[in-house]
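Reader: Could you walk me through this structure and tell me how each description is reached?
Author: Gladly; let us look at it together.

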Amino acid sequence: MERSAENSKERILSAAEEVFAARGIDGARVDEIANQANINKRMLYHYFQSKEELYIAVLRANFEKVLAISSRPFNGTGNLKEQVATAIGNYFYFLAQNPHFARLMTWEALQGGVHARKVLPAIWEEGLERLKAILEQGMSQGVFRPDLDLRQLLTSINALCSYYFINKDILSTLWDIDPVQPDVLEKRLKHIRDLVLNYITRP
């Protein structure tokens with residue numbers, strides 16, 4: 001019974017993520033989410049009391065996935081620059097493999113971040129603590145420049161990565177290539193890593 005309930009919730013969240021990414025919270029309809037999840041609307045409301053609660057749950061699940069993936073290499077061992085490069089790569093390929101995330105963030109930005117601020121600050125601070133530790137270690141060892149501003153750095157990394165996937169359809173027209181084909185993705189990732197590592201590495 002418990003397994004069935006968990007499966008139902010997962011189907012609802014998956015369907016909701018797709019619909020919210022396509023239409024935003026205002027354009028999304030609970031009927032469509034329920035149909036796509038192959039579940040009746042009354043059962044959906046059993047797990048999530050409102051469309052807003054469901055939307056926040058989708059945001060939370062996505063933020064937690066990003067935190068887990070991006071923080072994975074920061075285990076306190078190994079080459080510090082390689083750990084940072086791996087974290088950037090993990091986030092970049094998370095965006096490549098989860099196209100709904102960039103669209104959700106775009107919709108949320110248009111809404112003024114009203115819903116994200118209910119779940120993101122705690123997750124963001126947890127991620128900052130992990131990243132702060134590795135960067136402070138690099139600064140103390142003379143590997144990274146001593147004046148790094150972690151919030152500015154994370155904002156720049158996010159902008160470099162997310163812009164690419166938000167605008168991939170426009171870039172395909174401008175470049176006349178498929179921006180998400182493997183060799184093009186690798187070229188873009190190398191450019192981002194080079195920019196970031198050249199900036200944070202002490203001269």
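**How the descriptions are reached**

Author: Residues 24 or more positions apart account for 66% of the contacts in the chain with a separation of 6 or more. Please keep in mind that this is a predicted model.

Reader: What elements does the chain have, and how do they run from the N terminus on?
Author: There are ten helices and zero strands in the chain. From the N terminus on, the order reads α-α-α-α-α-α-α-α-α-α. The C-alpha trace spans about 60 × 40 × 30 Å along its principal axes. Of the 203 residues in the chain, 40% are buried.

Reader: Why is S8 called buried?
Author: Buried means under 20% relative accessible area. S8 has a relative accessible area of 11%, so it is buried. You will find S8 in helix α1, which covers residues 2-27. Leaving aside residues up to four places away in sequence, S8 touches I39 and Y47.

Reader: What makes G24 buried?
Author: G24 has a relative accessible area of 3%, and the cut-off is under 20%, so G24 counts as buried. G24 is also found in helix α1. Not counting residues up to four places away in sequence, G24 touches V19 and W107. The C-alpha atoms of G24 and Q111 are separated by 9.1 Å, while the two residues are 87 residues apart along the chain.

Reader: Why is N38 called exposed?
Author: Exposed means over 50% relative accessible area. N38 has 64%, so it is exposed. N38 is in the loop between α2 (30-37) and α3 (41-47). Its backbone is worth a look too: N38 has a positive phi of about 60° although it is not a glycine.

Reader: How do you know that D176 is exposed?
Author: D176 has a relative accessible area of 68%, and the cut-off is over 50%, so D176 is exposed. D176 is found in the loop between α9 and α10. D176 is not a glycine, yet it has a positive phi of about 60°.

Reader: What makes P99 partly exposed?
Author: P99 has a relative accessibility of 44%, so it counts as partly exposed. P99 lies in helix α6. From C-alpha to C-alpha, P99 and F165 are 7.5 Å apart in space, and they are 66 residues apart in sequence.

Reader: How do you know that the span of α6 is close to what is expected?
Author: Helix α6 holds twelve residues, 99-110, and reaches 18 Å from its first C-alpha to its last. At 1.5 Å a residue, 16 Å is expected, and the span of α6 is close to that.

Reader: Which residues of α6 are buried, and why are they said to line one face of the helix?
Author: The buried residues of α6 are F101, A102, L104 and E108. Seen down the axis of α6, these buried residues fall within an arc of 160°, so they line one face of the helix. After α6 comes G112, whose phi is positive, near 80°.

Reader: Why is the length of α8 said to agree with expectation?
Author: The 17 residues of α8 should span 24 Å at 1.5 Å a residue, and the end C-alpha atoms of α8 are 24 Å apart, so the two agree. In α8, the buried residues are L150, L153, L154, I157, C161, S162, Y164 and F165. They pack against α5 (80-97), α7 (120-140), α9 and α10 (182-200).

Reader: Why are α8 and α9 called roughly perpendicular to each other?
Author: Helix α8 (residues 150-166) and helix α9 (residues 168-175) pack at an angle of about 75°, with their axes 5 Å apart. Angles of 65 to 115 degrees count as roughly perpendicular, so that description applies to α8 and α9. On the α8 side, Y164, F165 and I166 make the contact, and on the α9 side K168, L171 and W175 do. By class, this contact of α8 with α9 has five nonpolar, no polar and one charged residues.

Definitions and conventions:
Residues numbered from 1 in each chain as written. Predicted model: local features only at pLDDT ≥ 70, side-chain atom pairs only at ≥ 80, totals over all residues. Heavy atoms only, no water. Helix = DSSP H or I, 4+ residues; strand = E, 2+ residues; numbered from the N terminus. Expected span 1.5 Å × (residues − 1). Buried < 20%, exposed > 50% of the residue type's maximum accessible area, 1.4 Å probe, protein only. Arc of directions from axis to C-beta. Axes fitted to C-alpha atoms, helices over the stretch in contact; angles between N-to-C directions. Parallel < 35°, antiparallel > 145°, perpendicular 65-115°, else oblique. Contact = heavy atoms within 4.5 Å. Nonpolar A, V, L, I, M, F, W, Y, C, P; charged D, E, K, R; others polar.
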